[in-house]
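Here is a walk through one protein chain. Keep the sequence and the 3D view side by side as you read.

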Amino acid sequence: MSSDLAPTLDGLSLAGTVEKAEFSQRVLIRSIVNRPDGGEGLAGQVIRVGGWVKTGREQGKGAFAFLELNDGSCPANLQVMVDSEVYKLSDLVPRGTCIHVEGELKLPPEGTKQKIELRVLKVLHVGTVDAAKYPLPKGKISLEVLRDFSHLRSRTNLISAVARIRNALAYATHTFFQKHGFLYIHTPIITTSDCEGAGEMFQVTTLFSEAEKLVKEMKQSAVDPAALEAEIKDAELIVKEKGTAVAELKSAKASKDAIKAAVDVLKKSQEDVKKLQEKFKLLERVRLSAGLPTRDGRIDYSEDFFARQAFLTVSGQLQVETYACALSSVYTFGPTFRAENSHTSRHLAEFWMVEPEIAFADLQDDMNCAEAYVKFLCQWLLDHCFDDMELMAKNVDGTAIDRLKAVASSDFHRISYTDAVAILEKASEVKKFDNKVEWGIDLASEHERYLTDEVFKKPVIVYNYPKEIKAFYMKVNEDQKTVAAMDVLVPRIGELVGGSQREENYEVLKSRILELGLPLEPYEWYLDLRRYGTVPHSGFGLGFERMLLFATGIENIRDVIPFPRYPGRADL
Ligand code: 4AD
Ligand code: MG
């Protein structure tokens, strides 16, 4: 087939029924194959598509090739047929090849499973792949192996579906909060206060890189610190000697010229000492910059970039509270960092958190908001990502869609910590938990999952935890033993959301900070929110990747974030 004789995009206007991608001359594969008629109604149209070949095979003794093309717009592929007269087929069929082509949509012969296919008229671009060198192994690859290919794993059906679901959940998050009048606040990533008071923060410092630079400078000028110190001592002795010489000449009433000459020598020796001392100061800076303790045994952070100790945030809560205490309903949604050495399938060192904060709201309001939000997310996926969810149900977890439906449509169970512990204590009479159950413990993941998976079989909100196991900012209840905290626990995952009503009483908050052995200074600004126009308020944090685990049924949190960071691993 000669492309000159065939209809072309330039000669034909695209029929109104096919939706062209914006900012590109192509049509998204989604808008062809996701139509209710599977694309049949578009037969005869000439369009451009681009994508990566999932599978390609030459047929008819090399006369033509079929390519399964995917452009990431949906899980389904478009079947593309290329004649050997149009392009060299062996360059198109390897898995991973990128093509941008123009062709005519045609009905395939009766009996084939495709509703529509594209017959290529013109090849606009080819990004070839040497099949022998393509890094992704052939056939079924475990998610664990795929983690070694962070830069290519988005080309697999599963990881690209996760990416679309993740995107949908982010969009749904903004939709939910915007719909309910919340303002999106960007809280800082670099902070000087530890929100959870747990000391699990990554430090941000330029001391080490500066030290490296200085050490290099020192090395270039070949300075040996011990030799330098000795040199300074010698030079100081010379200054002393020269000083004495001047004094002696003066008392012996020597000639003006002789005294002047001696004074000049003295000045010169004093300058030498000064120069050496400057060099030594540079050396001292290297020590400081390398984070080596100074003479009083402390690291001098006034030398550091921010002139004080700084960290990556573990939560945007404290900062977003400042805006809640002025704009009433706000939320932040950003990356958070925890330097806990957890190797579990539920923890990351870098993860995303959605944190709303509501003024004039108590713990009940907080629970209502969290429940409505999680249900909204589940319904959103059913409404907007059904094809990707079908892929999850087929390949990962057969119950994924039913779970979303159940969560979206039924109420969460709410139970106080005290009652939850009573249930667990009773259960431990017959069931063996690895961690002992008694009032006062922090619920372990096995306890949380017992409540959600075995007792209630749905999301459970546990509230009013013992104050000893919760953060300083949570409101102390009247019993003085518990705080107005709440955790949303979900089947298979355990904790999805952690939140609380905040302590709005200045005195109580201050004594909680001290009680937990935290320094007051970094929290003075936070206390100001209580000093001036304090307001009862509540909020929570939803772990975005935990939500993805819950929705998709994927086992390991490292597979639901594009570039996972965990102990020993920070690729790309
Ligand atoms: O319960 P957490 O620690 O609560 C806070 O940080 C509060 N300041 C939030 C707030 O009230 N604004 O964390 C909130 C959620 C957890 O429920 C969990 O889903 C998730 O963040 N999370 C993690 N997700 C992945 N990896 C980790 N290491 C996580 N740590 C917490
Ligand atoms: Mg928590």
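Which residue forms a salt bridge with Arg 502? The partner is Glu 321, and the closest N and O atoms are 3.9 Å apart. A salt bridge here is a side-chain nitrogen of Lys or Arg within 4 Å of a carboxyl oxygen of Asp or Glu. The pair links distant parts of the chain, 181 residues apart. Arg 502 sits in the loop between strand E15 (494–501) and helix H13 (506–515), while Glu 321 belongs to helix H7 (residues 317–327). Helices (H or I, at least four residues) and strands (E, at least two) are DSSP runs, numbered from the N terminus.

Before going further, note the ground rules. This is a predicted model: local features need pLDDT of at least 70, side-chain atom pairs count only at pLDDT 80 or more, and totals for chains, interfaces and linings use all residues. Residues are numbered from 1 along each chain as its sequence is written, chains are lettered from A and ligands numbered from 1 in the order in which they are written, and side-chain values use heavy atoms, with hydrogens and water left out.

How confident is the predictor? The pLDDT, its confidence in each residue from 0 to 100, averages 92 over the protein. Of the residues, 93% score at least 70. The start of the chain is another matter. Over residues 1–16 pLDDT stays under 50. The model has 28 contacts for that stretch beyond four places in sequence, a contact being heavy atoms within 4.5 Å. Where pLDDT is low, the predicted coordinates should not be read in detail.

Is Arg 502 buried or exposed? Arg 502 is buried, because its relative accessible area is 2%. Glu 321 also counts as buried, at 0%. The cut-offs are under 20% for buried, over 50% for exposed, and partly exposed in between (1.4 Å probe, protein chains only). Side chains of opposite charge can pair when their charged atoms come close.

The structure holds 31 salt bridges. Another joins Asp 528 and Arg 531, with the closest N and O atoms 2.6 Å apart. These two residues are separated by about one helical turn, because they are three residues apart in helix H14 (residues 524–531). Both ends are partly exposed: Asp 528 at 28%, Arg 531 at 32%. Arg 569 and Asp 571 also meet through their side chains, at 2.9 Å from N to O. Arg 569 is partly exposed at 22%, and Asp 571 is partly exposed at 25%.

Now look at residues 330–562. UniProt, in an unreviewed entry, places the feature "domain: Aminoacyl-transfer RNA synthetases class-II family profile" there. Its positions are given in the numbering used here, feature names are shortened, and annotations may be inferred rather than shown by experiment. In the model, the span is 39% helix and 23% strand. Its end C-alpha atoms lie 27 Å apart.

Within those numbers sits Glu 545, in helix H15 (residues 544–552). Glu 545 is buried, with a relative accessible area of 1%. Which residues touch Glu 545, leaving aside neighbours within four places in sequence? The contacts are Arg 166, Leu 348, Phe 351, Trp 352, Ile 557, Val 560 and Ile 561.

Two residues stand out by backbone angle. Most residues other than glycine have a negative phi. Asn 464, in strand E13 (residues 460–466), has a positive phi near 60 degrees. Asn 464 is partly exposed at 22%. Gln 480 has a positive phi of about 65 degrees. Gln 480 lies in the loop between E13 and strand E14 (482–490) and counts as exposed at 51%.

Finish with Pro 135, in the loop between strand E5 (117–127) and helix H2 (143–146). Pro 135 is partly exposed, at 40%. Beyond residues up to four places away in sequence, Pro 135 touches Phe 149 and Leu 152. From Pro 135 to Leu 509 the C-alpha distance is 55 Å, across 374 residues of sequence.

Conventions: pLDDT is the predictor's confidence in each residue, from 0 to 100.
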